[in-house]
Every structure is written in C-alpha cells, then in structure tokens.
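Hi,

Here's the structure I said I'd pass along. Have a look at it first, and then read on for what turned up.

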Amino acid sequence: MLRIGDLAAGYRPDTPVLHHITVDLAAVAVHTVAGPNGAGKTTLLHTLAGHLRPTTGRVLLDGRDVTGWTPVRAARTGVALAPQGRRLWPSLTVAEHLTVTRPPVRRPDSRTWAVDELLEMFPALAARLRHRGHQLSGGEQQMLTIARALRTAPRLLLCDEPTEGLAPTMAAHVTHALRDLPCHGVTVLAAVPHARAAATLSDTVYVLADGRLTGPIATSGGQAEQALRDHLALVSPALPNPGQAHR
Amino acid sequence: MDAYLIPAVDGVAYGLLLAIAAAGLTVAFGAGGVLNLAHGTLIAAGGYVAAATSSGTWPSLAAAVALAAGVGAAGGGVLAAATAALQGRGHLDQALLTFGVALVGADLLTAAYGSDTLRPRLPEVLEATVRIAGHRYPVDRLAVLGVAVAVVAAGYVVLHRTRAGRLIRATVDDRAMVAGIGVNPRLVDAAVLVAAGALAGLAGALTTPILGVGPHTADTALLLSLIIVVCGGLGSVPGALTAALAVGVVQTVGVTSFPALAPYLLIGAMAVVLLARRTSLPAGASA
C-alpha cells in the first residue's frame with residue numbers, strides 16, 4: 001500500500017530530521033509509529049502529506065511514485081493528514097468544515113464519505129454543526145479534524161497523535177473510529193507518543209527515535225517500550241551501547 | 001440640522017464605498033499575503049472608465065459600472081500573475097512590484113484622461129434632488145448609498161454562503177490546510193485579487209458622482225484604504241467595514257464641522273484606535 005525507501009527529510013538541507021527511513025506497509029490496516037517528542041514523527045507525516053519535500057528517498061502509494069508531491073496533489077491522490085494541533089479554520093463552522101472539503105472529482109474508485117455518515121461516526125459533531133472550531137472540546141476538535149480528512153476520500157489517513165490530551169471516553173471513541181477505517185479500505189498511519197498508546201490502535205508498532213525507524217515490533221510484551229528506551233539510551237552519552245538498539 | 005445630516009449621510013455612503021474597496025485589499029493580504037499598493041490605481045482606473053463612459057443615459061450608466069468592474073478585474077488579474085511569480089519572497093518584494101505598477105498605471109491614466117477632475121454625466125433623474133423628511137438630498141448620492149449597501153450585502157452572502165467564500169475564509173485562517181484538502185491556495189489568491197480588483201473598479205465608479213476622479217484619486221484612495229485595513233485588522237472584513245464607516249464619517253462630518261482640524265482628524269483618529277487596541281491583531285475575528 002505504502003512503501004517508503006531510504007527516505008531522508010528535514011527543514012534545512014544540512015540538518016536532516018529523518019534518516020534512511022525504509023518501511024513497507026502492505027496491509028490495509030492501522031499502523032502506528034511511536035517515538036518521543038522530537039523524534040521526527042510529525043516530520044514523517046508532513047513529508048508523506050507533501051508539506052515537506054524529502055531530500056532523498058522514494059515514496060510509493062499503491063505502486064505509484066508520489067515522492068515530493070505538493071500537498072494539493074497528495075490530497076487529490078488519496079493522502080489525507082489529520083495534523084497535530086488539529087489546524088481547524090477558526091472562522092468556519094463545523095458544518096462549513098465538512099462541506100467546503102469535498103472528495104476529488106476524478107477518483108471514482110475510492111471510498112467517499114457523505115457528511116451524514118461522518119456525523120453518524122462522530123455523533124458529538126452533529127449537535128455542534130453551527131459552532132466554530134474553537135468552541136469545541138478537544139475531543140470534538142479531533143473528531144472534526146479526522147472527519148474533514150475523510151471528506152477528501154483518502155486511501156491513506158495520516159493521524160498525528162490522534163488521542164493526545166483527550167478525555168478517556170473521547171480517546172476511546174476516536175480509537176474505535178480509527179480501528180474501523182480499514183474495513184472501508186482506508187489505511188491509517190498514526191503517530192503516537194509511546195508504545196502503550198500504539199497498543200490500543202494496532203498489534204504492531206514502528207519505533208521512531210532520533211530520526212531512525214525500526215520495526216514492526218509486537219505491541220504486546222513490552223518489546224516496543226524496550227526498543228524506545230534503547231533508542232533513548234543511544235542518544236544519551238551515559239550509556240554507550242548503540243549496537244543493541246538496532247535489532 | 002442639514003449642516004450635519006447631509007454630511008453624515010454622505011459619510012456613510014462614502015464609508016461604504018471605502019469598505020467595498022478596502023475589503024478586497026484586506027482579504028488579498030489575509031489570504032495570499034499580497035500587500036497591493038496598486039489598489040488605489042485600480043480604484044482610479046474604474047473611476048476614469050466610468051466617467052468617460054457614462055453619457056447621461058441609463059444604458060451608458062450600466063455600461064460604465066460594468067466596464068469599471070471589468071477594468072478593475074483585469075487589473076487584478078495582471079497583479080495576480082505578477083505577484084504569483086514573487087510568491088515566497090516576502091511582502092517587501094510584492095509591495096515594491098505593486099508600487100511600480102501603481103506609478104506606471106497613474107502615468108498611463110493621466111496620459112489617457114488628462115489631469116482635470118472628471119465627473120460622469122448621469123441620467124437627469126439622478127441629477128435632481130429630493131426632499132426626505134424635510135431635508136433636501138441629491139438623488140445620485142442616495143442611489144450610490146443604495147448600490148453600496150447592496151454590494152456590501154452581496155459580498156457578505158458570497159463570503160458566508162458560497163463554497164468560494166468559505167474557501168477564501170479558510171485560506172485566510174490556514175492556507176496549508178486548504179492545500180491539505182486538495183484545493184490550490186494560489187488559485188484562491190488569484191481569484192481574490194481578481195475579485196478585489198473588480199470591487200475596487202466598482203468602488204471607483206460609484207465614487208465619481210460624489211468626488212469626481214482626478215490625478216489625486218489613486219493616492220487618496222490607497223491611503224484611506226490602508227488606514228482602514230490597519231485599523232480594521234489585517235484580513236478582517238467586518239473590521240474593514242467598521243473602520244471604513246468611521247473613516248467615511250470623519251472625512252465628511254469632521255471636515256465640515258471642524259475645518260481647521262481637517263488635516264489632522266483622520267490621522268488623530270487612527271492613532272487613537274491603534275493606541276486603544278495596542279494588543280496584536282484580533283485572531284479568529286477574520287472574515
């Protein structure tokens with residue numbers, strides 16, 4: 001579905017944030033990338049969504065080379081981003097967010113989402129159609145961010161810390177909605193802060209630390225937490241044992 | 001009483017015309033970051049074209065208004081093409097480019113229409129005066145007021161009830177997320193500049209029965225528009241409308257009531273607004 005080969009990216013040419021990212025997400029499923037703050041999770045998702053141009057490497061979506069595409073082209077090809085901080089439009093209402101975003105005309109094969117379907121998925125939004133983004137709770141904002149992304153009829157949904165800072169019931173609702181998306185043919189790639197958050201979304205997790213990706217690792221059994229700790233040890237001069245970090 | 005009432009109605013009409021002109025300027029800045037210093041030239045171009053076209057008949061008046069809006073839109077299109085090439089190089093480069101366009105445009109307009117102040121010939125009905133509640137009032141100014149109210153209302157409907165308007169507001173808020181839903185924000189920028197040009201041309205045409213159009217029209221219109229944009233908050237249409245009405249009233253009532261203070265009134269009022277606000281521009285109040 002999504003193949004990334006030897007990808008490097010960063011905000012300045014001389015200081016890459018991501019190094020040699022190689023991963024093959026074959027299954028239409030929920031995939032997670034866990035890593036501490038500053039590991040490069042947001043950079044990875046923004047690069048895949050076209051907001052950042054990779055310095056080297058390849059990105060293939062269903063066999064099609066989408067490396068370095070603009071966000072507009074990426075969105076039209078079926079890559080949607082539900083960014084961290086939600087990035088809603090403050091002057092638009094909930095209903096306007098969902099109607100101004102439309103599926104692309106020239107992609108009849110992909111699963112499209114009617115506004116009513118999305119309100120069924122997130123009933124909390126149905127009661128707040130005339131409210132503006134900043135009047136919503138954090139959970140409702142996250143739901144609107146995901147609903148807006150789904151309106152573009154994506155094949156790949158990139159979610160940056162989808163349950164960060166949410167009340168437990170809201171987090172459970174968002175998690176449930178994301179886990180359900182592969183049944184509709186939507187692959188989800190979610191960035192999460194730690195392996196415990198990854199375990200609620202998927203059975204395996206990729207660990208991103210210091211700009212390098214390892215995995216997949218089973219989320220059960222504490223292996224993923226151990227891998228994360230090893231990566232942290234890698235960048236700490238007190239514990240010089242880099243060999244064990246890369247399995 | 002008439003000494004205050006008539007300038008007050010004039011001020012509201014003039015304020016609405018300034019609002020029509022400045023709304024496009026503020027949205028173009030808010031959406032695409034284009035500080036269009038040729039905006040006043042588009043207003044003057046609309047005024048000249050309208051004054052030259054309107055010959056005292058209704059069809060020529062309609063043609064004058066349509067041509068003025070068309071000339072403004074064409075100018076907006078030229079500016080959109082020119083500033084698109086400078087995207088990502090900062091406000092200063094774009095300001096310099098549009099300033100150059102303004103200088104060239106002003107010279108071309110003077111070459112074409114001379115350096116006299118022109119006034120359009122209107123149909124006779126509009127040249128008369130009417131008595132309303134005991135006050136005599138020129139019909140043309142009431143007509144301008146009515147058209148201005150209609151244009152402002154139409155602008156509100158377009159911004160809030162159409163997909164194009166919602167996309168414009170979304171682009172002012174967060175253009176990267178507009179790209180993220182598969183809409184090219186540069187297309188929105190270009191559409192905003194064309195629409196802003198059309199509104200500037202229209203405002204220029206509507207101003208000519210009141211003020212005429214001459215070599216100073218472009219500079220005055222640009223200065224007042226910039227004052228409105230700064231006082232109203234960059235990118236905010238309701239802010240521009242409020243500020244424009246205030247500027248219109250200060251310019252007419254203030255000047256007729258306190259002639260000695262006339263040159264300082266507007267700048268003084270702007271200083272008061274900026275001091276009172278002090279904080280950063282209101283976020284979330286845009287469009």
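Before the run of elements makes sense, one convention: helices are DSSP runs of H or I with at least four residues, strands are DSSP runs of E with at least two, and both are numbered from the N terminus. Also keep in mind that this is a predicted model.

**Chain B**

With that in hand, chain B reads α-α-α-α-α-β-β-α-α-α-α-α-α-α from its N terminus. That comes to twelve helices and two strands.

On overall dimensions, the C-alpha atoms of chain B fill a box of roughly 60 × 40 × 35 Å along the principal axes. Its radius of gyration is 19 Å, which agrees with the value near 19 Å for a compact globule, because that is what the rule gives for 287 residues. Buried residues account for 48% of the 287 in chain B. If you take the contacts in chain B between residues at least 6 apart in sequence, 78% of them join residues at least 24 apart.

**The core**

Which residues touch the most other members of the largest nonpolar core? They are A:Leu157, A:Leu158, B:Ala21 and B:Ile228, out of 153 residues in that core. Helix α1 of chain B (residues 2-32) gives this core its largest share, with 16 residues.

As background, nonpolar side chains in soluble globular proteins tend to be buried together.

**Where A meets B**

The contact between the chains takes 19 residues from chain A and 18 residues from chain B. On the chain A side, α2 (71-77) and α3 (94-100) each supply at least two residues. By type, the chain A side divides into ten nonpolar, five polar and four charged residues.

**Strands in chain A**

Last, have a look at strand β1 (residues 2-9) of chain A. Five bridges join β1(A) to β4(A) (residues 56-61), and the two run antiparallel. In that pairing, A:Ala8 stands opposite A:Thr56. Five bridges also join β1(A) to β2(A) (residues 18-25), again antiparallel. Here A:Ile4 stands opposite A:Val23.

Cheers

Terms used: Residues numbered from 1 in each chain as written. Chains lettered and ligands numbered in written order. Predicted model: local features only at pLDDT ≥ 70, side-chain atom pairs only at ≥ 80, totals over all residues. Pairing = 2+ DSSP bridges. Core = buried A, V, L, I, M, F, W, Y, C linked by C-beta atoms within 7 Å. Buried ≥ 20, exposed ≤ 12 C-beta atoms within 10 Å, placed from the backbone. Contact = placed C-beta atoms within 7 Å. Nonpolar A, V, L, I, M, F, W, Y, C, P; charged D, E, K, R; others polar. Rg over C-alpha atoms; globule rule 2.2 N^0.38 Å.
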